[in-house]
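Hi everyone, thanks for making time this morning. Let me put the structure up on the screen, and then we can walk through it together.

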Amino acid sequence: RHIHQLHHFTQPQIWALAVTTVGMIIYALQDINFNMVGYLWLVGNSVATIFNTFWNKFYITHYTKELKIQTSYGVSFIQQVETLPIVFVLALANNEGNALTMFTPLDMSAKLMIFATCLGG
């Protein structure tokens, strides 16, 4: 039912997607460090990101516009909080506990640059 509600692409959008895809393929074939496994991981990541984007669009629309029981900011906050356990587990698994001891001696300009990259996402 939700597939029918997806945006219909215009001709220029389809051409832009095609040109971008061809460009990516040309780049991958010319990559001197080409690794099929790496590119398959990228494809998997892209598919997961696309699926997640569509699911979030459906989820947020359902709870904010149809049911009117949550604001989009509330849904966004819930999603961000739900990712915290994943972040903490990955930080522990990758031994990120030492990062604070390496961060502390940095000068203020380096700390500000790191903070700026955090703001940028």
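Let's start with Thr20, which sits in helix α1, residues 11-30. When I say helix, I mean a DSSP run of H or I with at least four residues, while a strand is a run of E with at least two, and the numbering goes from the N terminus. Thr20 has a relative accessibility of 45%, so Thr20 counts as partly exposed. For those labels, buried is under 20% relative accessible area, exposed is over 50%, and partly exposed is in between, with a 1.4 Å probe and protein chains only. From Thr20 to Gly44 there are 24 residues along the chain, and their C-alpha atoms are separated by 18 Å.

A quick word on where this comes from. This is a predicted model, in which local features need pLDDT of at least 70 and side-chain atom pairs count only at pLDDT 80 or more, while totals for chains, interfaces and linings use all residues. Residues are numbered from 1 along each chain as its sequence is written, and side-chain values use heavy atoms, with hydrogens and water left out.

Now the whole chain. How many helices and strands are there in the protein chain? There are 5 helices and 0 strands, so from the N terminus on the order reads α-α-α-α-α. The radius of gyration is 20 Å, well over the 14 Å that the globule rule gives for 121 residues, so the chain is more spread out than a compact globule. That radius is taken over C-alpha atoms, and the globule rule is 2.2 Å times the number of residues to the power 0.38. Along the principal axes, the C-alpha atoms fill a box of roughly 55 × 50 × 30 Å. Buried residues make up 6% of the 121 residues.

One of the buried ones is Gln79, at 18% relative accessibility. Gln79 lies in helix α3, residues 72-93. Leaving aside residues up to four places away in sequence, Gln79 touches Asn56, Tyr59 and Ile60, where contact means heavy atoms within 4.5 Å.

On to the rings: the structure holds 2 aromatic pairs. Rings of Phe, Tyr and Trp (its six-membered ring) pair if their centres lie within 6.5 Å; planes under 30 degrees apart count as stacked, over 60 as edge-to-face and the rest as tilted. Phe34 and Tyr39 have ring centres 5.3 Å apart and planes at 25°, so that pair is stacked. Trp55 and Phe58 also have centres 5.3 Å apart, but their planes are at 45°, so that pair is tilted. Both Trp55 and Phe58 are in helix α2, residues 36-66, and being 3 residues apart they are separated by about one helical turn. Trp55 is partly exposed at 43%, and Phe58 is partly exposed at 26%.

Here is a backbone detail. Most residues other than glycine have a negative phi. Asn95 is not a glycine, yet Asn95 has a positive phi of about 55°. Where does Asn95 lie? Asn95 is in the loop between α3 and α4 (99-103), and with a relative accessible area of 52%, Asn95 is exposed.

Last stop: Ala110, in helix α5, residues 108-120. Ala110 is partly exposed at 24% relative accessibility. Ala110 and Ile32 are 78 residues apart in sequence and 33 Å apart in space, C-alpha to C-alpha.

Thanks, and I'm happy to take questions!
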